Structure formats: structure tokens, C-alpha cells
Amino acid sequence: MLTLSSNWYLLQLQQDPLSWSLQGAEDGFTWIHGAAAGASWRSKDGRRLWSGDLTELKIERRTSEDGALGPVDWIEVEGAPEGQSVKIHLRFGLCQAKPLVMLGGGIENCGQADIWLDSLDLFRLGRFRRRWWRRLWNRVTRRPQAGKTPPASFLSFGDGPVDLAWYANGWQSWSFAGTVGRMAPLTGTRLGPLTSPMYLNPATHQFGVGQKRVSELFAILGDRRSRTGILLGQLAERQAFCSLRAEITPAQDVTLHMTADLDGVVLNPGETFTADQAVVQLIDLEDEEPLEVYINAVGVHNRARVPPQAPTGWSSWYYFFDNVTEADVVDNLDWLSEHREQVPLDIVQLDDGFQSQVGDWLRVNERFPHGHRWLVEQIEERGFRAGLWLAPFLAHPRSSVVREHPDWVLRTRSGRPVRAGYNWNSFVVALDPTHPAVIEYVQSVVRRAVQDWGYRYLKLDFLYAAALPGRRHDPRVTRAQALRAGLEAIRQAAGEETLLAGCGSPLGPAVGLVDTMRIGPDVAPRWRPAYQGIEAFFRREPSLPAARNAVQNTLARAPLHGRWWLNDPDCLLLRQVDTHLTAAETQLVATVGALSGGPLFFSDDLPALAPERQRWLRGLLPPLPGRAVVLDWFDRTRPRWMRHDLVGPTGAWCLLALLNWSSQLTSVELDLASVGLNPEFSYHAVDYWQEQLLPIIRDGGHLQVPAHGVRLLRLSPAAGDDQPRWLGDTFHVSGGLSVRSWRADSNMLALSLDAQRRPRAKAWVKIPGKPLAVETDSGSCSWTPLVGDVVQLELELDGAAEINIRWDPAALVGKVGPGQ
Ligand code: 9PG
């Protein structure tokens, strides 16, 4: 037995059969026992499966220094599966600076003939139960079975009974992400060939009903009782996509596999395929962000691009859809330019609808008579940056690009185009990025858009098309390598300055290449998905356009923000007409978008926005710094609580958002400790959407939330002190970042406010004495003393304003002050 140890773990490796176990370094608790590896490939003689046993073992110990992870102690194992002309390379490592177990591996072709690689499992614990008909079929067809898995492999979460749940990360931007309980129904699509090629990794076996679960790139299997879990994931998806599968039996025994899909790529004699590194981490679900170590490691490993500020903008899609005209864009541009003080947006982005055909990006249709260059000039002249939507690896079967270059299209073995999904009233096709002419074409489109037309923001959509399975021009390239190479080519053509926004994209290969990434399905002017207005059959679909679906993923993938890229929560729709969203639903989507910290794009016909909704829009600008943490992401599929910590001249405070996913008004008990607040304290709370100061809030109190709605509260401890306190305002969603300076002495407070975007708003200040006067140098201000030393201000200001509040400190209300 060989061992590795770090501050966190003790890893023990057994050689016969090859398997390992993992204990906590301090408590000696065994978490993982009997984990093994496995692989499958094909040679001319048929299919080969390997698991566990190796002959001619060579073992070496080594310490490496990884730029991202620091020193790692390794055991490297090399051996040959009995009677096979391949060698398996495996690496087991313990990070010395972080609580991470490292797993690596590769397959070497030692024979004289080509082999084709199917999969490499770097983690295998237990064996999936096969259905009886499958077992029978295997016997009839004499398909080889994997060798024995090591006996007594298990995963433990503690001594008592467990309640296991699975955090799944979907295949691409639009695919479902979130935690599902053991008994929850599955979260895949039911629309079969229409949507599966888009939403699901076509190479990952999608289970039917039962206790089987899948995830892509990383996953967490955790126990909701002991609050512990195990995270498995890859540090990158540059070589191969990785899927994770679990089966939880009714007795809560677990089978868990991590599989790199090698896509059947050919491996010539003498070559080695080395998989991306994977990690295992034992996590404490009581930590505020148990994913932090892993997500950070991936970001650093892939040199993530994280712009310092989230961009803002307007997009044509969610109001005009593919009927957008040049005039629609110009009308909205004119409105933005007229309202730039109150609605300061940065990017004007033209979405789908300008091209003569999907794939024929260089030709505009008749709705854009002046062409791109003219339009970009209009946008830039008014001081905005221009953005453009492209689907670089997708094409309509009737496009000229497909008609003129049938060899660019990704095809199946039988030569038919691979189906890339159903959209634009047709099954669409994918362009094969391993074909050099495709890369040349895509790069020429990107150069044209950036250099000749002047776009500075490109929304790259339907990127999963580059990663569909098929017979590629270059049979040595995996799907992950194909997408990565395609994105590298686009980044190279676009230059470092252009903002690249990924969309419809598998996540792993894009880290380090895009600046922002859509992390959820499309928002839509309706709560639940529908097709042609009909909800039946579609309402449960997790990835079809719908406000509910977009919010779901924004919450589930929140920890990626600022670490892999800026998470794009998709556009906010604030309109009051041409929408099925209620006011409550609109506020919920806006709140989650604002608290996500990501790009804030609006997609309404702005000139037609009602004054009240314009006011909502203005309150969301500028975007909040940082982002909120989602507090109950492991406890329920649809989390309820978000907390966003903020600091400004008035001190530190937090925003607390409570979401109601049900279609009824719901009363929710406030458990202060579970949202990271002190249960001993009572809190002042300003409700942003209701524009009210609420009665003091205490642990165990209840909050009513409208159906599909949100309560957004700005909280400050209500402890008595002799300092004035800003309790919140409605100038901005932050409830305090409009305060630019703050100076308090014993009987006076002087502050300056930025009321550029919302001149009329309320504010609440706690005063350590009897209020005497409130004055402002701009606009008007009235004030009302409320209970508990609070003054409510009603302000109508002229841009920037100074405000002075004076009080009599001797006349303290309701508490004992100094000197009394
Ligand atoms: C333009 C749109 C917008 C949008 C993108 C993407 O068929 N589908 O399921 C499907 C899902 C999403 C989708 C299009 C089709 O939206 O996310 O923002 O740019 O394309 O066509």
C-alpha cells in the first residue's frame, strides 16, 4: 500500500486490484473506499474494456509545482491491461496548499495498429445496475463486460442516516443546472430529437426514470443531513468532455463515475492520449460557498478572462425577435441617446434577424438597407459600443454556405448532416471546426465584423454545434478540442479588445476565451415555457425560453461568476405590454439579474416603456458591484434566499432577496442564522420594490411574498448607538450606493447623493437625537419622523445634491445615551 498525505487528506493506494481510498487527515474518517479507474477503446479485433487490474506495474513518486495549485505530491502508475497492446497511465496526487485530490491519466497505444478511444474513467466507484433486458442483450450479443470492480467500494457521509442530493451542471449554457433530491423527477428534455441535440451532451447516456443522475464537467453528491458532500470535476475541458453519473439505490448506496468521453478518436501506434486533470474534493455544505476552491482552481488553470466591470446594454432580441429592422434599432438608439443621463447604457447589440440566412453572415437581408457599417456608425456616433449576434458554427440547410460547401458540414458516418437542433423552421446543421476552410470562413466573418464593420461586442451563439458528435474532417480531434480550437480561432480573429459573449456553449472549453457567458436558458416574456402560446407539454421543460428557467440557472451557477468569466443572466424585460409576465415576476427576474452581478442588458422597445417601468430600469443602474451568494442552493432545486454584501460611504450593509417560486402568495419564516445574519440582532429593513421601511425584523419573523415574486430587503442592525445610520433608499437597487459622501458629527450629518437616474426617491435615516431640520441645496426635500429615531425623507433632487440633517442629541428618544 502506498500513501499520500496533506493537511486535509490521507490517500491510500492499493495495487491489487488497483484502487484507492480517502480519509480525512484529522478525524481519520473514511469517505471513499475502493475507487478505481477504467477505460474503453476499440481495435480492429473489437471492443476492449479495462477496469482496475494492470500488469507490469511501474510506480513512481514525484512532487510537482503547479502555477495554479502550488505543490502537488504524486504517485504515478503505469501498467498494461492483461494481454492488451496499450499502456494505462494514472496519476494520483494531493495538493499541498488546497483540499484537492488530483487525478490524471492517459492511454498509450503500444501496438502496431491504430486504436480508437472511447472513454477514460478517472473515477469509478461501484457498478451501475443494468436492466434485465440489457443484461440479456449483452449475453446474446456476447458483448464484453467490464472486469470486476474492486470489492467493497463505498462512499460514506457519516454514521447516521443520509438524505442524498445531486448538484448537476448541464451540458451547455441553456441546459438545466441545480440540485435535485434523491426522489425528484428528472430534469432532462422530453422533446426528443427537436431539442436533445441542443440541450444534452449527445455522448452522455441520459438515463430514463429511476435513481440515476448525470452532470457535465463537475457535480456534487451530498448529504443534506450531515451537510457533507463530495465534489468531482475536471480542471479543464481542453482534451475531452467529462460527464458524471451517479446511481443512488433505495438504500442510498451509491455508484459514482467520472468519464472523459474520447469520442472514438484514432490513436496511432506510439501515441499517448492524456486526459485533462480531474479533482475530487470533500466539501462541507455548511460553508457559504463549498464550490469556491474548485471553481477558483478551474479559473486559474484556464486563465479565465474576467472583465473588471460588467457591461450594460440593450439587445434587440426579446422584443423584436427575428423580425428586427434597422429602424427598430435606430429608434431605440435615439431613445438611449436622449436618455443617456437617466439610462446610461454602454452597448447596443443587434441580435438574430439581420442576416440573409443563418450561416450567411456577410449578407444582410432587406430589413437592413444601409448595412452593418452604417448602423455601427450610428451607434458609435452617439457614444455607444456596437454589438452583434453570430452563430459561427451553425447553418441553415438552405444557406449559401451549405450549398456551396457541402464538405464543411459535420456529417454522420452514413454521410447525412448531423442534426444540430430545430430552429428557424428547419433542422439546422453544424459546420465542422476541424476543417481548415471552416476556421478560415469563421475567422473572416469575425474580422469583417470587428475590423470592417466596427463591432466591439460579439455574442457567439449556438456554440454547442461545434461540439456535436460526427465524422470529423480530422478524426484525431475530440469534440472538446474541436470547440476549443474554434473558439481560439475566433478570439484570435477578434483580438484581445473585443468582448466575446459565449451562448449556447458547453462550459469547459470556453473558460479563458470568452469574457461573458450565458449560464442559463433564454428569458422570455412569460414565466413558464410555451410553444406557439401553448404551455401544455412544455411547462416542465427546463431549458426552453422562460423567465423561470433563466432564473433557475442564474442561481444554480452563481459561483462561476467572476471566476470563469462574467455570468450573463440574460436580458431583463421590464415592459408592461406585449408580455405575459406579471409585475411580481418582472421584479423577480430583475432582482436576480441585478444581484447576479453579471452584464445587465435590457431588451424592450424602450420608447414604448411606461414611465413606471422606466423608473424600474433606472433604479437598476449602474450594475451592483460583486454578486450575491445563493444560500440554500443545495437544499432545494429552486433556491429562495440570496444575500448580497455591500460597502459604501455609509458603512457596510446587506441585501436579502427572498424568492417565491409558487403560484400563490406565500409566507416564509426568516431564519437569520441560515442567511448568515445574527439571530440575536433585530434589523431595520427597507423594502426596495414596496418603497417602504418595514417594522423591525427578528429571527423567526415571517415575510409574505407574492406569487412568483420577490421581497428585496436592505438590512441594517437595529442596535441603538450614537451614530446616524443610513437605513436605505430607493434611488438605486443597492439601497445606499447613491450616497457619495457621508460626514457625521454629534448633531449633524452632511451627505452627498447622486440622483442622476432617479431624481425622486425616498430614504430612511436613523438619527441619534430629536430631528430638527433637513435641508438640501438642490430640488426639494420633505421629512417625517417615524418611530424609533428614524426619519423618512422624500426627495426630489436635481442630479447631484448635498443634504444636511440636524438633530438635538440631548433629546434622545427611547434609549439611554452618553451622559444621561
Ligand atoms: C436568437 C436567440 C437569442 C438568444 C439565444 C438563442 O430552439 N431553441 O430551443 C432555442 C433556444 C434558445 C435560443 C434559440 C433557440 O436562443 O440564447 O439570446 O440570441 O438564440 O436566435
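**Cavities, pocket and ligand site**

The second largest cavity holds about 80 Å³ of space. The model is predicted, and a search of the whole structure finds 6 cavities of 30 Å³ or more. The ligand, for its part, takes up the space of the second largest pocket.

**Second largest cavity**

- Ser315, Gln349, Tyr457, Lys459, Arg518, Asp568, Asp570, Cys571 and Phe601 form the lining of the second largest cavity.
- By class, this lining comprises 3 nonpolar, 2 polar and 4 charged residues.
- Lys459, part of this lining, is also among the residues that come nearest to the ligand.

**Largest cavity**

- The largest cavity contains about 90 Å³ of space.
- Its lining consists of Tyr167, Glu288, Glu289, Pro290, Leu291, Leu555, Ala556, Ala558, Pro559, Arg627, Val630 and Trp633.
- Of these lining residues, 9 are nonpolar and 3 are charged, with no polar residue present.

**Pocket that holds the ligand**

- The second largest pocket, whose space the ligand takes, has a volume of about 1,300 Å³.
- A total of 37 residues line this pocket, and Trp317, Asn423, Tyr531, Leu544 and Pro545 are the closest to its centre.
- The pocket lining divides into 22 nonpolar, 7 polar and 8 charged residues.
- Helix H2, helix H4 and strand S25 each contribute at least two residues to the pocket lining.

**Shell around the ligand**

- There are 17 residues around the ligand, of which Tyr199, Asp351, Asp352, Lys459 and Asp522 come nearest.
- By class, the shell contains 10 nonpolar, 1 polar and 6 charged residues.
- Helix H2 (196-199), helix H4 (317-320) and strand S25 (422-423) each supply at least two residues of this shell; H2, H4 and S25 likewise each supply at least two residues of the pocket lining.

**Polar contacts and burial of the ligand**

- The side chain of Asp352 places an N or O atom 2.7 Å from an oxygen atom of the ligand.
- For Asp461, a polar side-chain atom is found 2.9 Å from an oxygen atom of the ligand.
- In the case of Trp389, an N or O atom of the side chain lies 3.2 Å from an oxygen atom of the ligand.
- The ligand taken alone exposes 450 Å², and the protein buries 93% of that area.

Methods. Residues are numbered from 1 along each chain as its sequence is written. This is a predicted model: local features need pLDDT of at least 70, side-chain atom pairs count only at pLDDT 80 or more; totals for chains, interfaces and linings use all residues. Side-chain values use heavy atoms; hydrogens and water are left out. A residue is near a molecule or strand if one of its heavy atoms lies within 4 Å of it. A polar contact is a pair of N or O atoms within 3.5 Å; within protein, one must be able to donate a hydrogen and the other to accept it, and residues adjacent in sequence count only if both atoms are side-chain atoms. Accessible areas come from the Shrake-Rupley method with a 1.4 Å probe; for residues, only the protein chains shown count as cover. On a 1 Å grid over the protein atoms alone, a cavity is a set of points where a 1.4 Å probe fits but cannot get out, and a pocket is an open set with protein on both sides within 12 Å along at least five of seven lines; lining residues have an atom within 4 Å of a point. A molecule sits in a cavity or pocket if more than half of its atoms lie within 2 Å of its grid points. Helices (H or I, at least four residues) and strands (E, at least two) are DSSP runs, numbered from the N terminus. Ala, Val, Leu, Ile, Met, Phe, Trp, Tyr, Cys and Pro count as nonpolar, Asp, Glu, Lys and Arg as charged, and the others, Gly among them, as polar. Grid points are joined across faces, edges and corners, and a volume is the space filled by probe spheres set on the points.
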